[in-house]
Amino acid sequence: MTQFDFQAPAALYLGSDWHAAVAQGPRTFRTAAQALRFAIEEAAPVSLKGASLELNGKRLSNDKMIWLYRSLDYPLPRKKLHKSSLARSRASAIKEPT
């Protein structure tokens, strides 16, 4: 993966599917790292199904978001995750999504 800018401003779309996420509109964050933290640690797991992260004119899928959160380059301390979130994150952390 090319360098990811965790410090760039980002818009986070959350919803049970892509259409619901777009209809609800984005939550904006000062940094992509903060948006990822919110999505993985605070948002309801069902809302990650349709989630995407938009920054620098690109939109990233929920699989890519989980992979970035689990990457060694993620700059913020991680919260201990619940078993269901951890299992989902582990499965996604094995390889970078395409």
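In what order do the four strands of the open sheet stand, and is their pairing parallel or antiparallel?

## The sheet

The four strands form an open sheet in the order β2-β1-β3-β4, with antiparallel pairing. Here helices (H or I, at least four residues) and strands (E, at least two) are DSSP runs numbered from the N terminus, and two strands pair if DSSP finds at least two bridges between them. Because β2 (27-29) and β4 (58-61) are the edge strands and each has a single partner, one side of each is left without a neighbour in the sheet. On average, neighbouring strands of this sheet are turned by 25 degrees against each other, direction ignored.

## Basis of the model

This is a predicted model, in which local features need pLDDT of at least 70 and side-chain atom pairs count only at pLDDT 80 or more, while totals for chains, interfaces and linings use all residues. Residues are numbered from 1 along each chain as its sequence is written, and side-chain values use heavy atoms, with hydrogens and water left out.

Strand β3 (residues 52-55) is joined to β4 by four bridges, the two strands running antiparallel. Within this pair, Leu53 stands opposite Leu60 in β4, and Glu54 stands opposite Arg59 in β4.

The two strands form a hairpin with two residues between them. Asn56 is placed in the loop between β3 and β4, and its phi is near 50 degrees, a positive value in a residue other than glycine. Asn56 is exposed, with a relative accessible area of 59% (buried means under 20% relative accessible area, exposed over 50%, and partly exposed in between, with a 1.4 Å probe and protein chains only).

## Helices across the sheet

Helix α2 (residues 32-42) lies across β1 (10-13), β2 and β3, and runs at about 20 degrees to β1. Helix α3 (residues 62-70) lies across β1, β3 and β4, running at about 80 degrees to β4. The axes are lines fitted to C-alpha atoms, for helices over the stretch in contact (heavy atoms within 4.5 Å), and the angles run from 0 to 180 degrees between N-to-C directions.

## The nonpolar core

A nonpolar core is a set of buried Ala, Val, Leu, Ile, Met, Phe, Trp, Tyr and Cys residues joined through side-chain atoms within 4.5 Å. The largest one has 26 residues, of which Phe4, Leu12, Leu14, Leu36, Leu53, Leu55 and Met65 touch the most other members. At least two residues of this core come from each of β1, α2, β3 and α3, and the largest share, seven residues, comes from α2.

Not counting residues up to four places away in sequence, Leu14 touches Ala20, Ala21, Gln24, Phe38, Ala39, Ala43, Ser47, Leu48 and Ala51.
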